[in-house]
Every structure is written in C-alpha cells, then in structure tokens.
Amino acid sequence: MSASLWDIAVLLAKWLSYLAMLAIPGAVFVAWLCRQLSGDRPDVDRRVLSHLLLPATVLGILATSAFFLFQVGAINQRGTGGMFDPVIAQILAQSSLGDGLRWRLAGFFLALLAAGQWYIAKSVSTATARSGILSASVTVALAAGAVLCISLSFAVLGHVSQLTLVSRLMLVLHITAICLWTGSFVPLYLLSRPEVSGRPEADRQSLQRLMVLFGQSAWVVLCALFLSGLWLTWQLIDSPGALVTTAYGQLLTLKLLLVAGLLGLSARHKFMLVPQLMLTGALRLRRSIAGQIGLTILILLVTAVFTTLTGPAS
C-alpha cells in the first residue's frame, strides 16, 4: 500500500471533512438535551454554536472543495495548476464522485443555514424566536436535512456505491448514528468547563443530569450503530480471515479495536464517573471525554486511510 503526495492530500481533505461532519448533529443534539433539562438556555446554545457549529460548517465546505480539487490534480498529474483543469473537473463532476460531493456540500450549506438561523433566533426576543422561520423546529429540520445529505453522500461514493440498496441504507443509518454519538463528545467537553455555571455544585448537578440523559439516549444510537456496522462488515469482507490477511481487513480490524476502546470509555462514564460526579468533580470526566475525542480522531483517520488507499477488493 503506497501513497503519492496527491493521495496524502486527498486523505487529509477527507479526514478534515469527516471531523467537520461530526460536529453538526453533535452540537444540535447536545443543545437539544440541554433544553430538555433546563428549558431554553441561550448561554449554552451560543457556546456550542460559536465554538463548534459555525467553524465546523466552514471547515466542511473548504475541506470538501479541496477534496474535489485534489482529485482533479491527482488525475491531471501536472502540479498544483492541474487542480483547476476545467475538462477533468467537468468529467469528475458528472461522475458518482461529483454526485457525492454535491450531496455533501448541500449538507454543509444546510448546516450553515441552521447555524445562522439559530444565532439570529437567540439574538431576538423569545416570543419572536418561537414563531415562524426562527422557531426551534426549523433549526432541527435544517440540521436533520444536513445530516441526511451528508449521510447520503457516503452511499454514492467509493466501493459502497456498488452494494445493494439495503446496504446503502444501512450505511446512511451507520453514518447518522456515528455523527450523533461521537459528534456529541466535543460539545460535552466544552460544557463540562467550570465557566458553565457560577457555582461549582450547581455546575456538577447540571452536568450530571446532562450526562445521564445523554447516556439514556445513546443506547438507541449505539444499537443502530452496532447493527448497521455488523451488516456492512458482512457485506464488505469476504470471510473472517480477510480481517487479518488483507490490508483493508487489517485497517478495519484496527478501527474496530479503537471503537471497542471508545465503548469502554463510554461504559466507564455511565457506571463510574457520572454517578460519582458530585463527589469527585468534573475533572476526571472531562479528561475521559478528551480521551474519547482523541480516539474518535484516530478512528476517522484510519477510516480515511482505508477508504482512500485500499478497498475490499485488495
């Protein structure tokens, strides 16, 4: 498995777009959980919005655009100027690659609209924000549309596009579940800071309730993630032995081991750190969430590697 400079550039652009797409459902999901616990919380909404959602959507648009240009350059093989070849760009735009990137860009632009609508709604009076296009239901609808478009982009890109309709629907479910679960780690990390509340005890109580609710909601997401992941593995791997005898299988095995570590940390949160939060404080939990974020970044990097440099056929 060798990689050229163009391959590395494509891989990095894909990895950055993966990181960006996680932030969209995660930010909206955690803000929605906060509302369930304490009503409308403009301070929480603005923090999640400003620290995560807006920068992530901009990063996603830039990374997705760069990914397309790097693909053009890789085919042209005429240096950086070859990225802007209009003939090759038009050919790629009419292929499945172009279809997938259009879905992905549509998702990021919908997320940008949701972020802007969200910000405006928090800047006007409560009565005005609850009606018309500034209502929370519009934000959720835009965010849901963004997640759906991004998930659909995976169903038309790469080797997965050659699978059956059922398998591609399973992939959409898999991507959506991943985004909801792992995309929530950064917002939870941001909200676990001492500045969230003026009183440490109130801060711990609020964070504990949020983590309990997140743990309860995550079970449904994890079930969807597990079932769809099992189906896709069965479709993409010819035999169990391929997990250790092929480059694709080895990287997939590494990804599964990292996911197992992620699940282990989640279990530690649910059964140890969250119940002890009032006694031990939020520092241990915050460090553990940081560990989850680190593992997620590695998982996305491994995913970008084996979807760029190899495939099931190899």
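1. Gln77 is exposed, with a relative accessible area of 54%. This residue of the predicted model sits in the loop between H2 and helix H3 (86-93). Its phi is positive, at about 55°, although Gln77 is not a glycine. Most residues other than glycine have a negative phi. The backbone at Gln77 can be inspected with that in mind.

2. On the overall make-up: the chain has 13 helices and zero strands. Read along the sequence, the pattern is α-α-α-α-α-α-α-α-α-α-α-α-α. The chain has 314 residues, and 47% of them count as buried. Among contacts in the chain with a separation of 6 or more, 76% are accounted for by residues 24 or more positions apart.

3. Helix H2 spans residues 42-76, and Thr64 is found in it.

4. Helix H6 covers residues 136-155 and helix H7 covers residues 165-182; their axes come within 8 Å and cross at roughly 135°. That angle makes H6 oblique to H7, because an angle must be over 145 degrees to count as roughly antiparallel. The crossing in which H6 passes H7 is right-handed.

5. Which residues of H6 and H7 meet? On the H6 side they are Val147, Leu148, Ser151, Leu152, Phe154 and Ala155. On the H7 side they are Arg168, Leu171, Val172, Ile175 and Thr176. By class, the residues of the contact of H6 with H7 divide into eight nonpolar, two polar and one charged.

6. The axes of helix H11 (residues 247-273) and helix H13 (residues 283-308) come within 10 Å, crossing at roughly 165°. H11 is therefore roughly antiparallel to H13, since the angle is over 145 degrees. How many nonpolar, polar and charged residues does the contact of H11 with H13 have? It has 17 nonpolar, eight polar and three charged residues. The crossing of H11 and H13 is left-handed.

7. Leu225 lies in helix H9, residues 200-236. With a relative accessibility of 12%, Leu225 counts as buried, because buried means under 20%. Its contacts, not counting residues up to four places away in sequence, are His174, Ala177, Ile178 and Trp181. Leu225 and Met170 are 55 residues apart in sequence, and their C-alpha atoms are 9.3 Å apart in space.

8. Leu190 is part of helix H8, which runs over residues 185-191. Its relative accessibility is 11%, so Leu190 counts as buried. How far apart in space are Leu190 and Arg286, C-alpha to C-alpha? The separation is 8.9 Å, for two residues 96 apart in sequence.

9. Thr310 lies in the segment after H13. Thr310 is buried, at a relative accessible area of 14%. The C-alpha atoms of Thr310 and Ala247 are separated by 7.0 Å, while the two residues are 63 residues apart along the chain.

10. On cysteines: the structure holds zero disulfides. Cys149 counts as buried at 11% relative accessibility, and Cys179 counts as buried at 3%. Both values are under 20%, which is why the two residues are put in the buried class.

Methods: Residues numbered from 1 in each chain as written. Predicted model: local features only at pLDDT ≥ 70, side-chain atom pairs only at ≥ 80, totals over all residues. Heavy atoms only, no water. Disulfide = S-S within 2.5 Å. Buried < 20%, exposed > 50% of the residue type's maximum accessible area, 1.4 Å probe, protein only. Helix = DSSP H or I, 4+ residues; strand = E, 2+ residues; numbered from the N terminus. Axes fitted to C-alpha atoms, helices over the stretch in contact; angles between N-to-C directions. Parallel < 35°, antiparallel > 145°, perpendicular 65-115°, else oblique. Left-handed = near helix turned anticlockwise from the far one by under 90°. Nonpolar A, V, L, I, M, F, W, Y, C, P; charged D, E, K, R; others polar. Contact = heavy atoms within 4.5 Å.
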